[in-house]
Amino acid sequence: MNIYEIQNSLITELNEAPFLLEKDLQELFENNLKLLTGLDLVKSEFSIKNRRIDTLAFDSENNSFIIIEYKRNKNESVSDQGLAYLYLMLENEADLVLEYNSKFKQTKHKKDFEWSQSRVVFVANVFTENQRLSTAFKDIGIELWEVRKFQKDILSLNIIKKTNSNVSIKPIINSNNSTVKLKLGITSYSELDHLKDKSPEIEELYYKFRMGIENLIDNLNIEPKKSYIAFKQKRNVVDITILNQFIKIFINLKKGELDDPKGLTKDVEKKGHWGNGDYQIDVYNDVNLEYILSLIKQAKT
């Protein structure tokens, strides 16, 4: 990636000014965690069973814990350390819940969290091809985020994406009896999982709205979760839950922020619901497709 500065119609390339210390990268990340990643900081320098992790974070969208580790040496392994941290996380769930409750003044229990969405994130200036390949399995909760710092205090963040076309590690683990026992429990989801056993009519309805949202939102990422499919820019814009008779659309705006003159949306601010935002629409057909897309457009980032 090349970064340029424009002055008086002239372009100057900015050189990289890499972080000298992992601690500098960690401090910058933790001080700006919500803006950079949408995650909440639970604790810096958190210890599990005498193992220190750099950052313990919480993903409120997926109701899950995230471990973040920072790397300066690109030759360090990430796959074995990532699996070890996933194992520690899922073997010591109570310790994480205790820290969460202390930080956010809550009284939650282990059952209140979505452990199947736990992840370990490695943050570095660059990752090798071997590091990318060793963590590319779609159902291992290890992610690589590349952060580069340039002159003029400019920062870039590139999250190396996984797709549903990535291979699964399950056949490898299941066929290898000598594999160290991993209590991973990590689950990946696809649109096909959500559409399984649904009628052709519901499938067609979903894809009509999917296409409309794709045409509406630039730089869109579609991320199937356990209970819904998220349509994201920097954050979720809209979420869709596919049911047998209809689809539920959740618009990610707070109560009072949406202009809905037809009154199609429901206020779910104080009700339990799967998606993000305070507005829900139950959709049985495409009669109001264009109008609903105009509502979704208001949530664009």
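These are my notes on a few local features of a predicted model.

Entry: I looked up Tyr 4 first. I found Tyr 4 in strand E1, which spans residues 3–7. Tyr 4 forms a nonpolar surface patch with Ile 6 and Ile 11. Together the three have about 360 Å² of accessible area.

**Entry: helix H1.** Which residues of H1 are buried? I noted Leu 25, Gln 26, Phe 29 and Glu 30 in this helix, which runs over residues 22–31. These residues lie on the same side of H1, because they cover an arc of only 125° around the axis.

**Entry: helix H4.** I went to Asn 101 next. Asn 101 sits in H4, residues 93–104. Is Asn 101 buried or exposed? I logged Asn 101 as buried, because its relative accessible area is 15% and the cut-off for buried is under 20%. I also listed its contacts, leaving out residues up to four places away in sequence. Asn 101 touches Gln 106, Thr 107 and Lys 108.

**Entry: the six-stranded sheet.** I traced the strand order as E9-E10-E11-E12-E14-E13. The sheet is open, and its pairing is antiparallel. Which strands are at the edges? I noted E9 (221–224) and E13 (266–267), each of which pairs on one side only. I followed E13 to its partner. E13 pairs with E14 (residues 279–283) in the antiparallel sense, over two bridges. Across this pairing, Asp 267 stands opposite Tyr 279 in E14.

Key. Residues numbered from 1 in each chain as written. Predicted model: local features only at pLDDT ≥ 70, side-chain atom pairs only at ≥ 80, totals over all residues. Heavy atoms only, no water. Patch = residues over 30% accessible without salt bridge, like charges linked within 9 Å, V, L, I, M, F, W, Y side chains within 5 Å. Areas by Shrake-Rupley, 256 points an atom, 1.4 Å probe, with all protein chains shown as cover. Salt bridge = Lys/Arg side-chain N within 4 Å of Asp/Glu carboxyl O. Helix = DSSP H or I, 4+ residues; strand = E, 2+ residues; numbered from the N terminus. Buried < 20%, exposed > 50% of the residue type's maximum accessible area, 1.4 Å probe, protein only. Arc of directions from axis to C-beta. Pairing = 2+ DSSP bridges. Contact = heavy atoms within 4.5 Å.
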